[in-house]
Amino acid sequence: MAIVTVRYFAAASEAAGREQEELDLGSDSTLGGLREVLVRNYGEPMARVLRSGSFLLDGVVRRDPAHPTGAQVDILPPFAGG
């Protein structure tokens, strides 16, 4: 069992209807598995965010679906430059 704290920001928070939650993703959880759970739980609004957004783990942006999740994952929507 692996409990992962998922924090949502901006459009990701709107899609999830919350700023944070804990998910039990199993002992070998990956970003790809997390993506599947989030789309299943929150539908197309979250799928849109995840298509161009990022996963932040330990301050590093990760996009490889095979990468392990770790204890905390931040879901970041795409940000406009400026």
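**Side-chain contacts**

Mentor: Start with glutamate 44 and arginine 48, whose side chains meet in a salt bridge at 3.9 Å, N to O. The term salt bridge here means a side-chain nitrogen of Lys or Arg within 4 Å of a carboxyl oxygen of Asp or Glu. This is a predicted model, where local features need pLDDT of at least 70 and side-chain atom pairs count only at pLDDT 80 or more, while totals for chains, interfaces and linings use all residues. Residues are numbered from 1 along each chain as its sequence is written, and side-chain values use heavy atoms, with hydrogens and water left out.

Trainee: How are glutamate 44 and arginine 48 placed in helix H2?

Mentor: They are 4 residues apart in helix H2, so about one helical turn separates them. Helices (H or I, at least four residues) and strands (E, at least two) are DSSP runs, numbered from the N terminus.

Trainee: And is glutamate 44 buried, exposed or partly exposed?

Mentor: Partly exposed, with a relative accessible area of 40%. Arginine 48 is also partly exposed, at 47%. The cut-offs are under 20% relative accessible area for buried, over 50% for exposed and partly exposed in between, with a 1.4 Å probe and protein chains only.

Trainee: Which residues are linked with Glu44 in a network of salt bridges?

Mentor: Arg48 and Arg51. The side chains of glutamate 44 and arginine 51 meet at 2.6 Å, N to O. Arginine 51 is exposed, at 57% relative accessible area.

Trainee: How many salt bridges are there by this rule?

Mentor: The count comes to 4. Among them is the one between glutamate 21 and arginine 18, with the closest N and O atoms 3.8 Å apart. Glutamate 21 counts as buried at 12% relative accessibility, whereas arginine 18 is partly exposed at 38%.

Trainee: Switching topic. How many aromatic pairs does the rule give?

Mentor: The count is 1. It is tyrosine 8 with tyrosine 42, edge-to-face, 6.3 Å centre to centre and 80° between the planes. The rule pairs rings of Phe, Tyr and Trp (its six-membered ring) if their centres lie within 6.5 Å; planes under 30 degrees apart are stacked, over 60 edge-to-face and the rest tilted.

Trainee: Where do the two tyrosines sit in the chain?

Mentor: Tyrosine 8 is in strand E1 (residues 3–8) and tyrosine 42 in helix H2 (residues 31–52). They are 34 residues apart, and the pair links distant parts of the chain.

Trainee: Is tyrosine 8 buried or exposed?

Mentor: Buried, with a relative accessible area of 3%. Tyrosine 42 counts as buried too, at 15% relative accessibility.
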